[in-house]
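I opened this model to look up a few points about fold, packing and chain contact, and I write them down in the order in which I checked them.

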Amino acid sequence: MNPEIPTILALSMQRLAGNIGEGGAAFAQGQVGLIGMMMTLSAKEYERGADIRVAENNELRALFGELAGTVSDATLKPKLTAAAASKDASLRISLLNENNYVLRRLLTEAMIHVEDHGQRTDLQRIWTVLKSLAERRLVQLGP
Amino acid sequence: MNELSQRLQKYLRGKLAAPDLTVSGLARIPGGASRETYRFRAHSGGRERGLILRRDPPASLIETERSTEYRAYEAFHGLGLPVPAPVALELDPAPLDRPFFIMEEIENCQAGSIMSPDPFGSYRETVGRQFFTVMGQIASADPRDVGLGDFEGETDIHDVAAHEVARWEKVVDEDEREPQPIVRAAIRWLKRNLPSPAQKISVVHGDYRTGNFLYDDAGTIRAILDWEMAHLGDPLEDLGWAIDPLWSGGNMEMPGGMLPRAEALRLWEKASGLKADPKALSWWEIFASLKGAAIWISAAREYAEGRNTDPINAFSGWYTLAFHNHILAQRLGAVA
């Protein structure tokens, strides 16, 4: 999730501590309402943040393991194999993100290869994972 | 605020040649991170009128030509469409620190909220019929006839779709803060599956949707707002954007939370004289979600890097980006 929670908390604090009433009562009320919404969403993200990143990273590794069995490209195949065997060494959000970004970049690289040279079933498998990733990252506004 | 009010008063006295003019009640309106919007009252010659000031923010969410929005208001107000009357455009930052323009305030109206499950209540059909008809009327106008023939945008009907994809890919390239595999896949798919040539080149509003127009207590649309992304292009771009599920709480069959899809498209076709070709429209719908994702990626960057810390930008980086990623994955996953 970008921006990350620490940025949102810090910038919200700055905004609230600043002259938020300068634009008039209606504007201030709107700003406070939005900040309040981001506080609520941040609380939800605090609860699920590590969980969804671990799940996403593991789902991507499982996909790469499957693709390594069908992709014959000499450059891509070892990357997929290595990524499939990688692990999250910590549950810190920043480190999970770091691993996640590496995996997501590799996903795009693998997807381009499959689109150009691969099998349709592999592409469909990738889209199944992408749908799962997108579903997991959805932000619910309600309770 | 008082200082801004004084400077605005001084400016308007000179601009409108009204030495007795006074400004009162200047207050910022919530919503919209791409321009600072204020309402105020101007009194002169015994007459009082409500006006709106739209000023560039210190950093803009979407970089647009500053005169674009004002010229669009001029053109379509002149055509008799529900668009506020423009009053003054000032590109010199000296009077109010940043470029700005002023237009009439459309009073006693409301905007539908995209957060509401039923944004228009009993006015749903009345508002919906006007919404899709006015969009068709915009599409039917010849850009040269309304003085916008030199607007930004591609004018070759064969290249317009590719031009728009390239435009938003550039935004993603510049503002992406984390890898976006779904957005990147969408860009590749759009490039590989370009639609049939545009039926014509029209003025595209660029952000024609629920939340960007005002209607009154009789359910009459009084103002189409926020023309800052207006450009020349394929009129199906506006249609695809307006029926994006983000503006209807995810409801694909009730675009904008107003009318059944088939009825909405029929009204647009009738008013525009154009065809909402299903295959081409499907491409523009996927493009709409890509364009949305690019805007939200840009908003998240502006916020995270401290250039525009309006909390709406943080919300865009979370809720709306995740929404459009989800829509893109659903739609493209179905055709893969």
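What percentage of the 336 residues of chain B count as buried? I found 49% of them buried, where buried stands for 20 or more other C-beta atoms within 10 Å of a residue's own, exposed for 12 or fewer, and partly exposed for anything in between, with C-beta atoms placed from the backbone.

Before going on I noted that this is a predicted model, in which local features need pLDDT of at least 70 and side-chain atom pairs count only at pLDDT 80 or more, while totals for chains, interfaces and linings use all residues. Residues are numbered from 1 along each chain as its sequence is written, and chains are lettered from A and ligands numbered from 1 in the order in which they are written.

Entry: overall form of chain B. I counted nine helices and nine strands in chain B, taking helices (H or I, at least four residues) and strands (E, at least two) as DSSP runs numbered from the N terminus. The radius of gyration of chain B is 20 Å, which agrees with the value near 20 Å for a compact globule of 336 residues; it is taken over C-alpha atoms, and the globule rule is 2.2 Å times the number of residues to the power 0.38. The C-alpha trace of chain B spans about 65 × 45 × 40 Å along its principal axes.

Entry: the sheet. I followed an open sheet of five strands in chain B, with antiparallel pairing and the order β1-β2-β3-β5-β4; two strands pair if DSSP finds at least two bridges between them. β1 (22-28) and β4 (86-90) of chain B each have a single partner strand and stand at the edges, so one side of each has no neighbour in the sheet. Starting from β1(B), I found five bridges to the antiparallel β2(B), residues 36-44, with Val23(B) opposite Ala42(B). β2(B) in turn pairs over nine bridges with β3(B), residues 47-55, and there Thr37(B) has Arg54(B) as its bridge partner. The hairpin of β2(B) and β3(B) has two residues between the strands, and Gly45(B) takes a positive phi near 60° in it.

Entry: the core. Which residues touch the most other members of the largest nonpolar core? They are Met135(B), Ala186(B), Leu290(B) and Leu328(B), in a core of 128 residues, a core being a set of buried Ala, Val, Leu, Ile, Met, Phe, Trp, Tyr and Cys residues joined through C-beta atoms within 7 Å. Helix α8(B), residues 278-304, gives the most to this core, with 15 residues.

Entry: the contact between chains. I found 39 residues of chain A and 33 residues of chain B in the contact, which requires C-beta atoms, placed from the backbone, within 7 Å. The largest share of chain A's side, nine residues, comes from α2(A).

Technical notes
Contact = placed C-beta atoms within 7 Å.
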